[in-house]
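Please keep the structure open as you read.

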Amino acid sequence: MDQPPPSDVPDEPSDEQSSASDELPEEPELESYRRGRKAASGVAAGAALVVGAAFAFVRYHPARVAIEGVSMAPTLLPGDWALVVTPDRFHRDDVVVVEHPQRPGYEIVKRLIGVPGSAVAGRELGEDEFWVEGDFVHRSTDSRDFGPVSRAQLKAKVVLVYWPLERRRLVR
């Protein structure tokens, strides 16, 4: 029990301790865990996105179309707004925008039922003949009325409905 009781007053430092305590400890350099290339890669990704969008716009010529009649119900209803693109090729069952053969400049939306070489309605389609029909058979003016259409009359393919929001979806 040779030790004195603990005191609330700190002991005075010796000369060795005072010189060490006068020097503040060096703070470590803060290191960033970001790599400098990320900013450049973000710029490159943004540029690639812009270039891709520009290419898609030039390549596919997106446009919008308003659905007015019931001939494509239930796939498309009056009041729907759809996005259309111009593809290289059209395939059977595509929903397409067609220039009406008897009314130049008037475009209608129908489903592509027959392509060149296929048999539709008891006839084989020729090299440049396509057969289009509405989904609502009883209320559609289509190839059953005016016959096959040419490739030049196929204007676009319907890709998606974007308005009204509750009907937003891809068109198949």
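Accessible areas come from the Shrake-Rupley method with a 1.4 Å probe. By that method, this predicted model exposes about 12,800 Å², and carbon and sulfur atoms supply 55% of it. Of the protein's 172 residues, 28% count as buried.

Three helices and nine strands make up the list of elements, and along the sequence they follow the pattern α-α-β-β-β-β-β-β-β-α-β-β. Among contacts with a separation of 6 or more, 47% join residues 24 or more positions apart.

Now to the interior. In soluble globular proteins, nonpolar side chains tend to be buried together. The largest nonpolar core here has 13 residues, of which Leu76, Val84, Val95, Val97, Val109, Val158 and Val171 touch the most other members. Strand 2 (81-85), strand 3 (95-99) and strand 8 (154-163) each give two or more residues to this core, and strand 8 provides the largest share, three residues. A second, separate core holds eleven residues, including Val98, Val115, Val132 and Phe146.

| Residue | In contact with |
|---|---|
| Val171 | Thr75, Leu76, Val95, Val158, Val159, Leu160 and Val161 |
| Ile113 | Arg92, Val120, Trp131, Val132 and Glu133 |

Is Ile113 buried or partly exposed? This residue of strand 4 (residues 107-114) counts as partly exposed because its relative accessibility is 26%. The C-alpha atoms of Ile113 and His91 are separated by 8.8 Å, with the two residues 22 apart along the chain.

Technical notes
Residues are numbered from 1 along each chain as its sequence is written. This is a predicted model: local features need pLDDT of at least 70, side-chain atom pairs count only at pLDDT 80 or more; totals for chains, interfaces and linings use all residues. Side-chain values use heavy atoms; hydrogens and water are left out. A nonpolar core is a set of buried Ala, Val, Leu, Ile, Met, Phe, Trp, Tyr and Cys residues joined through side-chain atoms within 4.5 Å. Buried means under 20% relative accessible area, exposed over 50%, partly exposed in between (1.4 Å probe, protein chains only). Helices (H or I, at least four residues) and strands (E, at least two) are DSSP runs, numbered from the N terminus. Contact means heavy atoms within 4.5 Å. Lists of a residue's contacts leave out its neighbours within four places in sequence.
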